[in-house]
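Look at the sequence and the structure before reading on.

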Amino acid sequence: MAKNDEQLNDEEAEIEDFITSILTQAVAERASDVHIEPYLGNIRIRFRIDGILQDRGSLPIEEMERILVKIKVMSNLDITRHNIPKDGHFRFAIQLSKEIYEKKKEKTPESLVPDVTSRLFAKSAYEKIREKEKISPAKAEAIILDIGKRPLDVRVSIFPTISGEAIVLRILNREEMIISLKDLGLNNNIFSTVKKMITRPYGMVLITGPAGAGKTTTLYAILREIKSDEKNIITLEDPVELFLEGVRQVQVNPGQGFDFAQGMRSILRQDPDAMMIGEIRDGETAENAIRSSLAGKIIFSTVHANTVIGTIARLLDMGVERSLIAYSLNGVISQRLVRKVCPDCKIVYSPGSEYLKYFGLENTPSRFVRGQGCDKCKKTGFLGRVGIFEVFEFDNGLRSLIVEKAPMRSLEEYVEGAGMKTLKQDAVEKILAGITTAEEAAKVV
Ligand SMILES: [Zn+2]
């Protein structure tokens, strides 16, 4: 039987309500990603929160097609092709729900955090934003904020799996990314060192660590720290994850031939004082960045390596000259992220002996804490994350060793001898302070 217009409109509204509901819930739970994954019999929905995927229910597989079509339409993607990966972006309005959520949660803890499934296709109480009105995006945004909504930017990845196209929605502009340099987890000494490295008028500061170590959040914190009306700050990013007022942010687009290397070739003509390059992946980008830094600009970027000395090795692998590395770098920040013990359910406990041994804490008369799991932390025992850092400001001693082709082992001995606290030592400090647990820290250092 053919569906009439009214039925079609209802279905359209239902799917919109579903997407509103799932994204509102994801934001309320501080999720960075929403996974919508088709399997043989059902669709699995998971949120990534504090770096860990958590199940948020399932839906009948029959709904997948409608969800896919809607998300593709919202992101201007081709709805007819199912066998190739697609990347897109959409802007959406959700209720400014964090405060409302917190308030209501006191009264009705369960009803406000239901599984996504129980809210599926429930008529949304939220007013729909009138996107069709002919007004500028800025005006639309002002109206949205006025009536208690906030714009949400979502990066979309659609990937063909053997059971259908899987969707990952990355939530951009997340509140947890708006964090000041002071709150990243740098202790006082390290904070002053970092501040010195980043406020120099020129040179390069690299942040290193594996994927998911919070490097981008640190880059944004640095830009917010140095930003001023007297400076022209330009970024090259893939993707732009957080919007910064007063910073010229540029999204690179490798598909269109506009990659980091291409961006670096033209960026100087924009007369920058400071530049942020999302990632240095190749020798050409590295050399261009280094030459800019030697020409009086300050450059911030990330490199995929594990430690401060590993970063030097990585740049050498890319074919960068030793003297360029030695004399352009102000310093390197190596980092990891660990989950913080939930303050609402923490208890004193004893970590396993293997962990105490690993961190050299066997004979430390100390109280260790962990979260036992409560409603607030969704039974995980953790709430939020903090960085673990290893920072070294380059000095003449290290520069000479690099130029003299000293083995990496000597470089490591040198920085430790010069008093650099290693990732492991910083982790120990945070375990003893009750910020994280030995088990959690052992996963990353
Ligand atoms: Zn808890």
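Glu-440 is buried, with a relative accessible area of 7%; buried means under 20%, exposed over 50% and partly exposed in between, with a 1.4 Å probe and protein chains only. The model is predicted: local features need pLDDT of at least 70, side-chain atom pairs count only at pLDDT 80 or more, and totals for chains, interfaces and linings use all residues. Residues are numbered from 1 along each chain as its sequence is written, and side-chain values use heavy atoms, leaving out hydrogens and water.

**Salt bridges**

- Glu-440 forms a salt bridge with Arg-339, their closest N and O atoms being 3.0 Å apart; the term requires a side-chain nitrogen of Lys or Arg within 4 Å of a carboxyl oxygen of Asp or Glu.
- This pair links distant parts of the chain, 101 residues apart: Arg-339 in strand 12 and Glu-440 in helix 16 (residues 438–442). Helices (H or I, at least four residues) and strands (E, at least two) are DSSP runs, numbered from the N terminus.
- Arg-339 is also buried, at 11% relative accessible area.
- Arg-409 and Glu-412 meet in a salt bridge of 2.6 Å, N to O, and both lie in helix 14 (residues 408–417), three residues apart.
- Arg-409 is partly exposed at 47%, and Glu-412 is partly exposed at 26%.
- The structure holds 29 salt bridges.

**Helix 6**

- The buried residues of helix 6 are Ile-190, Phe-191, Val-194, Met-197 and Ile-198.
- Seen down the helix 6 axis, these buried residues fall within an arc of 130°, so they line one face; the arc is that of the directions from the axis to the C-beta atoms.
- Asn-188 and Asn-189 are exposed, on the face of helix 6 turned away from its buried side.
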